[in-house]
Amino acid sequence: MPSRPVPSAERGRALVGGVGYTNLRDGSAGPLLAERLAGRLGPDVDVEDLSYSPIDVMFLLQRRPTYARAVFVGAVSRGAPPGTIRVSRWDPEPEPADAVQARVAEAVSGVISLENLLRITGHFGALPPEVTLVEIEPENETWGEGVTPTMERAMGEVAALLRGEALDAARV
Amino acid sequence: MCFKNLPVEFDEQGNASLRAGVLDPYKVARNGRPDKEERIKELLRKNGHIKEVSIDPVTRVAGALAFHSVVDLENRRVEDAHSMATLFRGYEIILKGRDPRDAIFISSRACGVCGGVHANASAEAIEMAFGVAPPPMGTIVRNLGQAAEFLYDHPLHLYLLAGPDYSEAVIGATNPEILARAQTYPARGKAHHGCATIGEIMTALNPLTGSLYLQALQETRRAREMTVLVWGKYPHPQTIVPGGISATVTSQTLNEYQTRLFYFLDYAKRIIAVWDDVFDFLYDVEPRFHEVGKRPTNLIDLGCWEHHDAYDATYAHAAEWGERRWGTPGVVLDGKLVTTDLHRINAGLEEFVDHSFYDEWADKPVPFATDPVGMPLSPYHMWNKETLPKPQGRSWREKYSWATSPRWDRQVVEGGAYARMWTTAIAIDKYPSNPFIKATGKSLDMLLPAASLPEMQCSWRIPNELNAIERNRARAYAQAYTALVALNNLLAAYDHQKKGETAVSRDYEIPKGERVGVGFWGAGRGYLSHHLTMDKGALTNYQILTPSTMNASPMDPFGQAGPYEEAVMNTPIIERFAKPDDFKGIDILRTIRSFDPCMPCTTHMYAGDVTVVREVNTCACALDEEDDAVPAGALG
């Protein structure tokens with residue numbers, strides 16, 4: 001469960017980033033959440049659609065003053081029931097260089113991926129010290145606009161979580 | 001005579017017609033070489049040293065490509081090869097029935113690395129159908145954006161995708177004897193790149209840590225800033241519209257572009273020095289590199305970058321404005337220039353699906369027997385094509401790829417930045433007059449002006465052979481060529497500003513009748529065409545042909561392998577390995593990557609009831625499933 005909320009001003013600026021493809025139904029949960037939450041999480045929280053090359057996200061993070069925390073949100077299919085929300089601290093074992101290079105190649109050639117974003121920005125030291133990953137299990141990732149009711153409900157819960165807990169999801 | 005195989009002939013005035021007396025002029029005499037599969041099976045059964053090598057996916061390429069080969073490890077040769085595009089992109093289907101203007105924005109999503117080329121190709125196809133052309137400044141600004149996109153693309157290929165194949169890390173693992181020679185082999189271009197030996201360059205090429213690699217990673221940002229100045233957004237531009245461009249271009253815009261461009265002029269000098277040094281060294285210490293990726297010099301390019309005084313967007317004048325581009329269109333067969341005429345290039349195109357996961361369409365009545373100027377068209381031409389996806393099991397004898405088999409005059413041609421440079425260099429009298437680039441028939445001579453580094457004269461000479469090294473070397477020179485095209489257009493932009501000719505777009509109306517259009521264009525990696533037909537204000541057909549469709553194509557109905565396949569089969573195995581399990585296939589990979597494969601974007605794909613998306617497999621090692629995985633509703 002989340003720990004006791006700490007006033008955000010004591011904890012530095014935070015970033016909430018949505019990651020995914022547009023017009024891919026539930027696969028678009030990340031960018032849609034970023035759109036809905038923009039400007040609504042308080043003055044110390046930047047909300048951004050980070051659905052572009054992880055290399056460019058890395059440049060963005062390098063250019064800005066270091067964030068204290070970041071939450072990255074997106075649809076990730078793991079075979080769980082649709083709408084399942086997974087919240088975790090991002091603190092993985094480093095990958096071999098070959099694997100990171102393969103991710104860089106994907107990134108520069110246009111692939112948008114939550115995992116690539118975290119791995120690449122992490123490898124080059126661009127991630128904030130505290131990173132939380134919020135994954136939502138998609139039901140339908142076919143081409144088209146709009147999300148399923150299941151995803152809509154899950155997105156509402158993630159939005160409420162991020163609003164209500166002032167990013168203390170990062171402390172799970 | 002332009003065509004050897006197609007039944008088209010020309011009178012003395014150059015007017016084309018179908019050859020008289022041919023009953024079924026575009027009949028396909030199929031020759032699938034059915035004996036080959038049996039022979040390969042027999043070789044595999046009888047010889048322990050002959051192995052099947054499947055590379056799936058081929059890494060360091062954009063999108064999904066798999067490659068199957070049969071390699072004789074004892075005699076160090078490739079017996080068989082199959083290139084497989086493993087995913088389907090259905091932009092043709094998505095675009096049908098839409099407002100043609102949507103195509104600019106939707107088709108640019110075909111690629112996450114070079115969306116601008118699709119937007120430009122689409123805009124030109126629409127302009128032809130609508131009957132509107134941009135004002136000169138609109139064309140110039142489009143060229144600035146296009147050049148900037150290529151300035152992003154070329155270093156990406158050279159340092160992040162293909163470059164690591166020549167790094168210390170890779171060469172040391174596959175050919176330590178070559179790396180040992182490199183450590184003491186002097187580098188002639190030290191004054192430009194700062195490395196005293198080839199070994200130092202190879203260290204600088206190491207992925208993730210090498211200085212050249214890291215610099216290229218940073219330069220992607222600078223090039224993207226240039227594109228965004230005129231395109232608003234990248235990789236999917238928002239300002240390319242029919243009739244021009246919707247950006248406001250001021251002196252400040254041009255100045256900001258110029259600042260970055262002069263950096264790239266210097267960067268181009270360093271790039272040439274690096275790759276000339278590496279490739280000359282490899283030829284010297286291991287002459288078999290001449291054979292790696294070698295295939296006949298059969299090339300196609302549609303040209304690129306319109307000349308602002310020539311482009312009128314009409315099909316009728318395409319032969320004229322095409323030849324005045326900053327990259328000359330052309331077809332080269334066996335090293336000889338066959339044509340630079342966009343009408344003839346267009347009429348020679350066909351697309352076959354005998355070994356692709358599609359149904360045949362050419363048995364239906366042909367919508368367009370000729371192009372708008374009366375040149376005969378094949379039923380297999382893109383204006384006559386219907387995309388009929390048919391997923392099924394893989395069979396080398398039958399169907400094994402989502403790529404089709406495009407051919408020109410029924411011959412296997414390849415596209416690439418090198419093809420653009422080749423056709424431009426060889427077409428001696430076509431190039432626009434300018435102070436920086438000169439086509440001599442044998443070379444492209446270039447003058448890179450002084451920036452932080454002094455002025456530099458360089459010359460890309462048409463090589464005697466087409467192989468992996470020459471594809472990559474031309475790509476290095478393409479950076480200089482592209483920067484100089486940008487400089488020519490920047491000077492033209494200043495000139496038009498001075499004269500007050502600042503309009504960047506023209507109004508248009510959407511025609512209601514039946515129209516056709518084609519965008520003859522090019523990506524950083526070569527050939528790109530968008531063919532459309534429309535009626536009642538909506539698209540009735542939209543066909544995209546990319547360079548990687550040309551190059552990754554499977555065998556055609558005539559039994560001819562695609563360019564990747566042919567190049568790999570000609571490749572000797574130089575790699576050293578103690579036992580078969582150690583074999584990495586680096587020579588095969590070098591060959592494939594030299595084409596700069598960009599497989600169709602794997603994200604928004606449509607295949608009727610089946611939609612295929614890239615598998616997402618985010619690492620979940622930090623998850624605590626019991627505590628943190630919660631079904632929707634459980635948080636409330």
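What pattern does chain A follow when read along the sequence? The answer is α-β-α-β-α-β-β-α-α-β-α, and it belongs to a predicted model, so keep that in mind as we walk through it. Chain A has six helices and five strands. Of its 172 residues, 52% count as buried. Among the contacts in chain A between residues at least 6 apart in sequence, 79% join residues at least 24 apart.

Let's turn to the nonpolar interior. In soluble globular proteins, nonpolar side chains tend to be buried together. Here the largest nonpolar core has 233 residues. Among the residues with the most contacts inside this core are A:Val158, B:Val141, B:Leu144 and B:Tyr481. Helix α15 of chain B, residues 468-498, gives the core its largest share, 16 residues. For a local view, pick out B:Leu144: leaving aside residues up to four places away in sequence, B:Leu144 touches B:Val230, B:Tyr257, B:Ala486, B:Asn489, B:Leu490 and B:Ala493.

Strand β14 of chain B, residues 443-448, is joined to β15(B) by six bridges, and B:Leu448 stands opposite B:Met456 of β15(B).

Another antiparallel pair in chain B is worth a look. Four bridges join strand β11 (residues 349-352) to β12(B), and B:Glu351 stands opposite B:Pro406 in β12(B). In a regular strand the side chains alternate between the two faces of the sheet. Strand β12 of chain B, residues 405-408, shows this arrangement: B:Ser405 and B:Arg407 point one way, while B:Pro406 and B:Trp408 point the other way. All four of these residues are buried.

Helix α10 of chain B covers residues 211-231, and at 1.5 Å a residue its 21 residues should span 30 Å. The C-alpha atoms at its ends are 30 Å apart, which agrees with that expectation.

Note on methods:
Residues numbered from 1 in each chain as written. Chains lettered and ligands numbered in written order. Predicted model: local features only at pLDDT ≥ 70, side-chain atom pairs only at ≥ 80, totals over all residues. Helix = DSSP H or I, 4+ residues; strand = E, 2+ residues; numbered from the N terminus. Expected span 1.5 Å × (residues − 1). Core = buried A, V, L, I, M, F, W, Y, C linked by C-beta atoms within 7 Å. Buried ≥ 20, exposed ≤ 12 C-beta atoms within 10 Å, placed from the backbone. Contact = placed C-beta atoms within 7 Å. Pairing = 2+ DSSP bridges.
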